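Student: I would like to learn how to read a structure of several chains, feature by feature. Can we work through one together?

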Amino acid sequence: MEEIKINRLETTKKIGPMINQYWEKLRQAPAQGKKTAWCAGPLLWMTKAMDMPTHEMPAYAAWAGGRHGAPELLEAAENDGFLPESCSYHRVHMGLLANVRDGVPIREDMQLPIPDIMFTAPLCPEMAHLADSVYRRFGVPVVSMHCPTPYREADIERHTDWMERELREVIVPALEEVCGRPFDNERLREVLIQLKEAALLRNECWEFFKLKPSPWTLWDYIVSMGPFVILAGEPGGVEYYKELKAELEQRVEQGIPALTQEKYRVYWDALCMYGWFGVIARKLASLGINAICGRYPWELFPRPWLIDTEGDPIRAMAELIGEIRRVYAGELYPQIVAELVEEYDIDGLIMFSFRTCKNWSMGQQDVVMEIERRYGIPGILLDADGIDPRYYSDAQIDTRFLALAEMMEGRKKLRQRD
Amino acid sequence: MEESLKELFNFSGDPYTHLAEWKEGSGKKVIGLTPMYLPEELIHAGGMLPVEMWSSNEPITVGHAHVTPYYCGLTRSIVDDLLKGKLDFIDGILTYETCIQARTIMLIVEKNCNIPFMESIFLPNQMTNPLTRPYLIESLEILKARLEEFAGHEITEESLRESIVIYNRNRGLMRKIYDLRRRRPGLINVKEMVPIVHSSMLMLKEDHNAALEKLVIDLEKRPHEIDGRPKVILVGSLCTAPSTEILKLFDDSGVVVVDDDLYTGSRYFVNDAVEDGDPIEALADRFLARNPPCATKVDSEMNWSDYIINMMNESGAQGIITLIQKNCPPHMCYSPDVMRKLSEANIPELVLEVEHEVVSLEQMRTRLQAFKETLGGV
Amino acid sequence: MVVAGVDVGSLYTKALILDSAQNVLSYEIIRSGFIYQEAASSCLDSALKKSGFNSHDIAYAVSTGYGRARVSSANEHISEISCHARAAKWLFPEVHMVVDIGGQDSKVIYVGDHGQVLNFVMNDKCAAGTGRFLEVMAEALSVDLNRMGDFSAQSRNVVEVSSQCTVFAESEVISLLTAGSNREDIIAAIHRSIIRRVMAMVGQLGKKERVTMTGGVTKNSGVLRELEKSLDTTLLISEEPQVAGALGAALIALSKAPNRNHLN
């Protein structure tokens with residue numbers, strides 16, 4: 001049987017260097033006399049509006065995982081007393097702090113300067129704890145705002161009103177103080193305009209996922225999230241998506257699919273296994289499985305037409321955060337998965353049960369049961385960590401992927417018979 | 001064991017039977033709360049019984065089909081109990097995001113159970129933000145409205161104030177008992193003390209108050225000799241009562257516990273709510289208080305290590321035993337810093353990881369013995 | 001008159017006889033089996049025989065180890081943490097930290113100037129990082145446990161065994177073998193994996209020189225070398241590290257024996 005291969009996109013190769021360069025710039029910032037900020041949660045667009053070189057908690061951890069820098073950082077954290085059951089993203093940062101405070105050696109390209117200020121709008125309590133640790137260990141001022149997880153969709157509006165107030169009364173004054181100038185609403189508007197334009201193009205690219213076979217994979221999209229997060233406000237974001245869209249159009253014209261043989265299409269739940277990004281993509285590809293969509297990658301404002309670039313940018317910012325929070329709402333979880341399953345004609349679910357990150361994994365089993373009941377498609381749980389190698393077991397993952405492929409094949413045959 | 005203590009001990013040991021009986025006898029509704037800081041007084045003022053949900057008395061089985069084993073024991077056990085039908089007498093569940101695990105428990109409950117009242121409210125987890133207080137007050141007002149709807153009547157300011165007074169009385173009585181233990185180490189052992197507090201989380205406060213009044217008298221009558229064992233304080237075990245087997249290990253290990261900063265301990269009653277003024281604000285302020293310092297309330301001014309060092313000194317203890325519930329994210333985020341501070345201050349600390357499924361008692365026994373030898377010599 | 005120390009471990013039982021002048025007269029090591037009382041008696045009898053004394057001559061006996069409560073002939077039982085600390089100090093007066101890797105647990109013990117325990121960190125929840133882990137791996141690789149050190153000395157390539165769990169590590173090792181890694185490299189990786197666990201414990205309270213290693217795993221030269229490298233130190237090693245617990249128990253027994261000044 002011929003080995004199934006992934007046809008790599010050209011455009012996505014550009015993102016890696018752009019992101020590496022971003023972190024390098026952040027590392028150099030203090031030497032250039034620039035004040036830096038760390039963010040735990042979706043406030044980096046606010047710091048970018050003030051042109052502050054900024055870090056973002058999951059963005060750093062995912063990048064460190066992808067660059068294979070995580071094991072060293074995690075070991076440093078463990079030697080500092082952090083239990084390995086605790087959030088690996090948090091531990092990666094604690095390793096980073098141990099490097100600064102105690103000189104524990106870590107790879108040079110993983111190092112980051114301690115910021116002048118830390119902002120948090122926690123998407124999970126661990127983000128708030130991270131900020132607290134940065135304050136306790138280094139005295140860095142922490143400016144926090146509440147970013148509650150809605151349970152019901154109806155909660156979102158009330159939360160958004162409060163977030164708007166906190167942005168105005170808490171975040172903006174803190175930014176003005178640390179930067180020594182008034183908050184730049186127009187720069188924020190620019191950032192929002194750019195985000196919206198890139199997101200609208202991105203949504204057009206998402207349309208290509210509906211094709212069978214799809215010309216790109218979920219992994220292609222995930223690496224392309226950069227322009228919305230860490231590369232937001234930087235030049236090149238919109239251009240990137242224009243190029244990506246053009247390449248996808250070209251593929252369709254030339255009949256080039258993402259996988260040389262796409263047998264099954266799956267939904268991937270929760271974050272990604274950043275430490276084994278290529279490995280997982282290849283394992284799935286070898287079975288003819290193309291990952292198409294997921295709740296986490298779809299969190300970044302999936303309805304960009306709602307972004308109000310004409311009105312008050314602070315209000316628009318609050319609404320943007322509320323929109324991001326929507327995929328976290330417990331009440332909506334099964335419905336959001338169902339919508340994606342229908343929209344992209346999904347054959348199976350892979351629920352990544354991120355060992356140390358419970359942000360996304362509560363209720364996964366119930367969702368599998370619900371989707372199975374509604375659509376007759378199978379789902380598996382994958383037990384590993386996104387970046388911590390102590391929880392990674394190659395053999396177990398292979399077994400589960402194979403079992404899923406067999407189940408999807410079995411269902412297909414049943415459907416053909418009927 | 002005195003009758004007054006037996007009543008509390010039994011209630012704490014088997015909440016299922018006792019709560020079901022109480023409910024039948026009183027005809028009132030029972031609302032289960034996920035720990036640790038939901039405002040019980042508000043439910044009490046609504047004429048219902050608020051109970052802090054507890055860890056089950058058996059290994060998790062069906063629960064694991066809905067929650068994976070690396071969640072804390074309490075989360076798994078609540079789901080397990082619900083699915084096994086052991087909590088059929090519960091009329092409602094109220095939850096908030098104490099930590100990341102409490103978050104979607106409502107989804108599992110809604111999908112699999114038929115409970116009349118299910119709510120998830122917002123309580124802030126970051127304290128150092130000037131808008132925290134008004135945000136919290138609004139949340140409490142919304143909760144009050146939902147409770148009124150379920151209870152079928154208004155919760156007046158007056159009735160809420162009355163509930164606060166009753167709750168404060170309960171806290172005061174427990175403080176009295178703790179004070180007695182501090183003055184007479186060894187008078188009350190840990191296997192007795194934890195159920196005294198834990199039963200308060202399960203019983204109607206008026207009933208618990210009546211029991212405590214009797215108990216205080218009985219305890220004062222107990223004969224007491226000077227206890228020569230090394231003195232320690234217990235800290236932690238957030239959200240869950242340590243199992244009886246473990247408590248017995250402490251009592252048999254050769255040390256004497258003179259005070260504690262346990263969830264089923266002083267954390268439940270160290271601070272009162274203000275009895276005059278707006279009662280909703282009083283409840284909000286009690287939540288926002290820095291006392292006791294809590295890993296679930298991110299607060300840069302909060303200093304847990306100072307708090308327990310102070311407690312240790314005031315009670316005359318020589319060492320600290322910290323219980324970390326396995327897979328408790330907030331505790332795991334703070335314990336390294338606390339350990340470091342204690343180590344820098346040369347304070348002996350024994351950290352024990354405990355879990356729902358009671359295992360490794362022998363290992364724990366060895367560690368406790370070694371710790372006792374560290375404090376008191378061999 | 002003599003004193004006795006009995007260390008009833010999960011895998012091995014050790015007994016040691018000491019005289020009043022602190023001379024080690026004899027010791028014995030046997031497999032514990034599952035009836036600790038019997039293991040303790042026969043081990044003690046055997047050690048006594050070697051010493052030339054009999055049970056009536058024992059002025060005081062202290063037991064330690066997991067089976068310590070089952071030793072009926074003991075006057076008292078003391079934790080192995082205290083016993084290891086006492087023995088380490090007696091053997092090496094300059095010692096302040098003991099790394100003990102035993103059959104079913106591993107620990108780091110901080111020792112004061114009088115041989116008292118200042119603090120300790122234990123891993124007793126999980127086999128990875130203990131002698132049991134090595135036994136399982138030796139079996140999986142068809143290597144004699146006593147030769148693991150020699151094998152790892154021949155390692156030329158770095159591979160990683162990173163699983164947290166012994167069972168998963170075993171399947172990881174099998175995967176490595178299938179992928180073509182040789183046993184020398186895998187064993188070296190296993191040794192590194194054990195020491196990583198130890199270093200995590202050391203990291204909590206820091207390294208305090210001088211350092212000694214005790215417990216049966218000390219006989220594995222590969223683990224020993226890896227520990228020295230990670231701690232950047234030269235370890236103080238006694239002649240028979242496996243009886244450290246029994247030695248410490250005997251020393252404590254001596255300090256508590258009645259009329260010890262009149263022991264001959």
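**Reading the model**

Tutor: Start with one backbone detail: just after α7(C), C:Asp232 takes a positive phi of about 50°. Helices (H or I, at least four residues) and strands (E, at least two) are DSSP runs, numbered from the N terminus. This is a predicted model: local features need pLDDT of at least 70, side-chain atom pairs count only at pLDDT 80 or more, and totals for chains, interfaces and linings use all residues. Residues are numbered from 1 along each chain as its sequence is written, while chains are lettered from A and ligands numbered from 1 in the order in which they are written.

Student: Which residues of helix α7 of chain C are buried?

Tutor: The general idea comes first. An α-helix has 3.6 residues a turn, so residues three or four places apart point the same way. A residue is buried if 20 or more other C-beta atoms lie within 10 Å of its own, exposed if 12 or fewer, and partly exposed in between; C-beta atoms are placed from the backbone. In α7(C), residues 221-231, the buried ones are C:Gly222, C:Val223, C:Leu224, C:Glu226 and C:Leu227.

Student: What covers the buried residues of α7(C)?

Tutor: The cover includes β6 (97-101), α4 (148-153), α6 (183-205) and β9 (211-214) of chain C. That rests on contact: two residues are in contact if their C-beta atoms, placed from the backbone, lie within 7 Å.

Student: Now a strand. Why is β1 of chain C described as largely enclosed?

Tutor: In a regular strand the side chains alternate between the two faces of the sheet. So check each face. Seven of the seven residues of β1(C), residues 2-8, are buried, so the strand is largely enclosed by the rest of the structure. One side carries C:Val2, C:Ala4, C:Val6 and C:Val8; the other carries C:Val3, C:Gly5 and C:Asp7; all are buried.

Student: Which strands pair with β1(C), and in which sense?

Tutor: Strands of a sheet pair through backbone hydrogen bonds, either parallel or antiparallel. Here two strands count as paired if DSSP finds at least two bridges between them. β1(C) runs antiparallel to β2(C), residues 12-19, and seven bridges join them. A hairpin links β1(C) to β2(C) through three residues. With β4(C), residues 58-64, β1(C) pairs in the parallel sense over six bridges.

Student: Which residues stand opposite each other?

Tutor: Toward β2(C), C:Val8 has C:Thr13 as its bridge partner, and C:Gly5 stands opposite C:Leu16. Toward β4(C), C:Val3 stands opposite C:Tyr60.

Student: In what order do the five strands of the sheet lie?

Tutor: The order is β3-β2-β1-β4-β5 in chain C, an open sheet with mixed pairing. Its edge strands are β3(C) (24-31) and β5(C) (76-77), each pairing on one side only.

Student: What lies across β1, β2, β3 and β4 of chain C?

Tutor: Helix α1(C), residues 36-51, does, and runs at about 145° to β3(C). For such angles, axes are lines fitted to C-alpha atoms, for helices over the stretch in contact, and angles run from 0 to 180 degrees between N-to-C directions.

Student: How do I read a contact between chains?

Tutor: The size of an interface is often given as the accessible area lost when the parts come together. Here we count residues. 39 residues of chain A are in contact with 38 residues of chain B. On the chain A side, the elements giving two or more residues are α6 (125-138), β4 (142-144), α7 (155-179) and α14 (364-375). α6(A) gives the most, seven residues. By class, this side of chain A has 15 nonpolar, 13 polar and eleven charged residues. Ala, Val, Leu, Ile, Met, Phe, Trp, Tyr, Cys and Pro count as nonpolar, Asp, Glu, Lys and Arg as charged, and the others, Gly among them, as polar.

Student: How many residues of chain B are in contact with chain C?

Tutor: 15 residues of chain B are in contact with 15 residues of chain C. On the chain B side, α13 (329-344) and α14 (361-376) give two or more residues each. The largest share, eight residues, comes from α14(B). By class, that side has four nonpolar, seven polar and four charged residues.

Student: And a whole chain, such as chain A?

Tutor: Chain A has 15 helices and eight strands. Buried residues make up 56% of its 418 residues.
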